[in-house]
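Subject: Structure handover

Hello,

Here is the structure for your files. My notes follow below it.

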Amino acid sequence: GIGMPALYNDEVVCPALEDIGIPPVDSHNYCLNGCNQIDIFGKSHMGLEDGDISLAKCLELTLHNGYCPKQQKALGKSTGDPTKFGSYEDLWNAYREQLEYVVDLAVQGANQAQELYAIHAPNPWRSNLIQGCIETGRDYKARGPVYGHGQFLTEGLADAVNSLAVLKHFVFDTGKYTMEQVMDALNHDYQGYEQMQQEFLQFEKFGNDNEYVDQIAADVQKHYFGYLLTKETWRGGIYGGGYS
């Protein structure tokens, strides 16, 4: 029940690790830590998982101007009334802003947790087995290993992309529905909007080699991962992310 076997290939993983400064001599010694998080064997503490970020939840917050309808309180950033968006670019810019806000919160919490673990939960035995810890005299949780990058598990890519594609097509490209109608449908779980729901469900989906939808997926991933790579871990590395 944990998604095994997991299939990885060096042609993707090694260049990605080298892009964040890990030389080939180490990138080719990557291993799986836990379910599917990546570490450098015997030389790193790269987070296992430093937190979770839902790309779909970020879109829900964007469509409600930072308000969470489930918890009935503001959780995100105020990015504007979606019914006032005049173009898909307005929606996209608001979504990017919301996503960055959520990433910033996740990074802040993760870095605080990393420091607390280093102070209050050291592991000297394990530290003896990881390169860099003896040399620096530091625990493996306290910036001892050679590599101290971080990883956020990421959920909801397909849901976020499919939703953005539907909004782009039906609201902004064709104008078949207004954003007011879509928001009313969402707030009433599509009661009275069954035809709209069926059209949305039947629209093209991510993962089927459809350029219209796949381009949105590429935009989301490029911005999300690019922004993560600008954030530093407390452990002394930078953040990345992965889908699970």
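**Overall picture**

In the protein chain, 61% of the contacts between residues at least 6 apart in sequence join residues at least 24 apart. Contact here means heavy atoms within 4.5 Å.

Please note that this is a predicted model: local features need pLDDT of at least 70, side-chain atom pairs count only at pLDDT 80 or more, and totals for chains, interfaces and linings use all residues. Residues are numbered from 1 along each chain as its sequence is written, and side-chain values use heavy atoms, with hydrogens and water left out.

The protein chain has 10 helices and 7 strands. These are DSSP runs, numbered from the N terminus: helices are H or I with at least four residues, strands are E with at least two. Along the principal axes, the C-alpha atoms fill a box of roughly 65 × 40 × 35 Å.

Of the 244 residues in the protein chain, 42% are buried. Buried means under 20% relative accessible area, exposed over 50%, and partly exposed in between (1.4 Å probe, protein chains only). The chain exposes about 13,200 Å², and carbon and sulfur atoms supply 51% of that. Accessible areas come from the Shrake-Rupley method with a 1.4 Å probe; for residues, only the protein chains shown count as cover.

**Asp-26**

Asp-26 sits in helix α2 (residues 24-27). Asp-26 counts as buried because its relative accessibility is 5%. Its side chain makes a polar contact with the side chain of Tyr-147, at 2.5 Å. A polar contact is a pair of N or O atoms within 3.5 Å; within protein, one must be able to donate a hydrogen and the other to accept it, and residues adjacent in sequence count only if both atoms are side-chain atoms. Leaving out residues up to four places away in sequence, Asp-26 touches Ile-40, Lys-43 and Tyr-147.

**Helix α3**

Helix α3 covers residues 55-63. Its buried residues are Leu-55, Cys-58, Leu-59, Leu-61, Thr-62 and Leu-63. Asn-65 follows α3 and has a positive phi, near 55°.

**Cysteines**

How many disulfides does a search of the whole structure find? The count is 0. Cys-68 is in no disulfide, and the nearest cysteine sulfur, that of Cys-58, is 12 Å away. A disulfide is a pair of cysteine sulfur atoms within 2.5 Å. Cys-68 is buried, because its relative accessibility is 1%. For Cys-133, the closest cysteine sulfur is in Cys-31, 15 Å away, so it is too far for a bond. Cys-133 is also buried, at 3% relative accessibility.

Best wishes
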